[in-house]
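Please consider the sequence and structure shown below. A short report on selected features is given after them.

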Amino acid sequence: MEANTAKFICRCQEITEEEIEKAIQDGATTIKGIKDRTEATMGLCQGRTCRRLIERMLPASGELSRERHSCRPPVRTVKIGDLLKDESSKGEFE
Amino acid sequence: MNSVDAVVIGGGVIGCAVAYNLVKAGVSVAIVERDDICAGTSAACDTAIHLQSKNPGIHLQMAQESIKLFPELQKDFDEDIHFKKTGTMIAIQTWEQFEVMRVFAERQRNHGLDVVILDRAAAVERQPMMKGDVVGATYCTADATIHPQFLTKGYFQAAKKYGAKAMLHTKVENIVLKEGHVASVTTNRGNIPCKYVVNACGAYAPCIGKMAGLDIPIAPRRGQIVVTEPMPKFTHTIVNCARYIAAKFRPDLLGTSEADRMGVGLSLTQTERGNLLIGGTREFVGYDTRTTQKALLYILKHATNILPALKDIHIIRTFAGLRPFTPDGLPILGNVPGIEGFVMAAGHEGDGLALSAITGRLIAEIICEKQSAYDFDLTKLSLERYRNIDIKAFEAQYAVCK
């Protein structure tokens, strides 16, 4: 049996180095471009670990390759029930 | 720069679908995209391919023809586009909505759509999660889900495989006309001589239109969506609510609260990885793609009213995208008056994924001047249908191109 030598870059989504290299060949120059082609950074940790690793793999094509990864709320996972306990939207649908 | 037959502007799902169909029909194509494929709306949406939300007539017909094409596309793509017939249930929350949906479903059945109305007991039996505030639901087997980014990438990579030239990170600066014909497209990377230009820029299509002196009534409409942690199968089908459809036919049924004005309604789909995508809003806020806390709370409050079990699930992200809205809800497709070779393929609002396959086919037929395989009345989709619109007022109202 052959040993699995794949290097996982995004551990949440199990995206390998090879898949990211393929996305770069397809034209990706940003984290967003990698994300849309591979689903890397879309897991539970939202790219906290793999974002930096992927950034280092991106082609250095000036301003295009950096700063395009938007961080969106929430900062940490939060239970829907806990969010709604605040009830600031109470009455809107009654 | 080498000339091509057609320059397709826009690397979203529509532009990539058009490029794919053109190049397969033997037309030489360059896709010009200022950013990257699915940089905008095509990656900021949910996964639904909806027939049930379409008004019987050309809209429903187009969606019905489009959905038939995805299995065939899958065979031609290297990428798995995750196309799956899942069906949809539309939760009905009031008896007024129930009556509207009953009539709507009957009209759809007459157009060959398999949709039934269930009372509360039958709805909960079919969808045990739907234990909330519902009086009934529709059930339609025809609706499906798809992977938005992988579908776009599928069209894009297949287009390249058949010879399309991809020019990403390339900005269109001007469209050059000669004696009423398209002559070339000027970009920041040079001039591309061509016979045809396809404007597939979605919410940004009016800005490209202006380069050729065209007024295009398309406006950005923001939709916000919440993403949950991955989990086992949550619902048997896509789940929507009747608020939006009922409001289309009985605007008086839509209230005047803040949530109503933000167009809050339920659209819930689940990805192959198990994340729930819970939408959404329909807001006119220009080109602002930020998410807001208010929308987040309204969306989740409304969703948990229908599906109370959502309360125990964690959210991991929110996002927003701009749907290209048109005044009558139909896309703008085909030739335009006064400019030979300028072709529109934009304005699909929330139907871009669903209608991408048929849009690509139709545009290829138009450019190749082929007898259409379909019997759609294309005048209903033409830019010319808006010749009497007050475009200044429209653009001011929706902050178009601002």
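## Model and confidence

The structure is a predicted model. For chain A, the mean pLDDT is 84, and 79% of the residues score at least 70. Among the elements of chain A, helix H3 (residues 50-57) has the lowest confidence, with a mean of 92, whereas strand E2 (residues 15-16) has the highest, at 97. Where pLDDT is low, the predicted coordinates should not be read in detail.

## Domains of chain B

Two domains are assigned in chain B: domain 1 comprises 6-44 + 149-218 + 328-398, and domain 2 comprises 88-134 + 219-325. A distance of 30 Å separates the C-alpha centres of domain 1 and domain 2 of chain B.

Contact between these domains of chain B involves 13 residues of domain 1 and eleven residues of domain 2. On the domain 1 side of this contact, six residues are nonpolar, six are polar and one is charged.

## Helices H1 and H6 of chain B

In chain B, helix H1 (residues 13-24) and helix H6 (residues 148-161) have axes that come within 8 Å and cross at roughly 30°. Because angles under 35 degrees count as roughly parallel, H1(B) and H6(B) are roughly parallel to each other. The crossing of H1(B) past H6(B) is left-handed.

From H1(B), the residues in contact are B:Val13, B:Cys16, B:Ala17, B:Ala19, B:Tyr20 and B:Val23. They meet B:Pro148, B:Leu151, B:Thr152, B:Tyr155, B:Phe156, B:Ala158 and B:Ala159 of H6(B). The contact of H1(B) with H6(B) has twelve nonpolar residues, one polar residue and no charged residues.

How values were computed. Residues numbered from 1 in each chain as written. Chains lettered and ligands numbered in written order. Predicted model: local features only at pLDDT ≥ 70, side-chain atom pairs only at ≥ 80, totals over all residues. Domains from an automatic or database assignment. Contact = placed C-beta atoms within 7 Å. Nonpolar A, V, L, I, M, F, W, Y, C, P; charged D, E, K, R; others polar. Axes fitted to C-alpha atoms, helices over the stretch in contact; angles between N-to-C directions. Helix = DSSP H or I, 4+ residues; strand = E, 2+ residues; numbered from the N terminus. Parallel < 35°, antiparallel > 145°, perpendicular 65-115°, else oblique. Left-handed = near helix turned anticlockwise from the far one by under 90°. pLDDT = per-residue confidence, 0-100.
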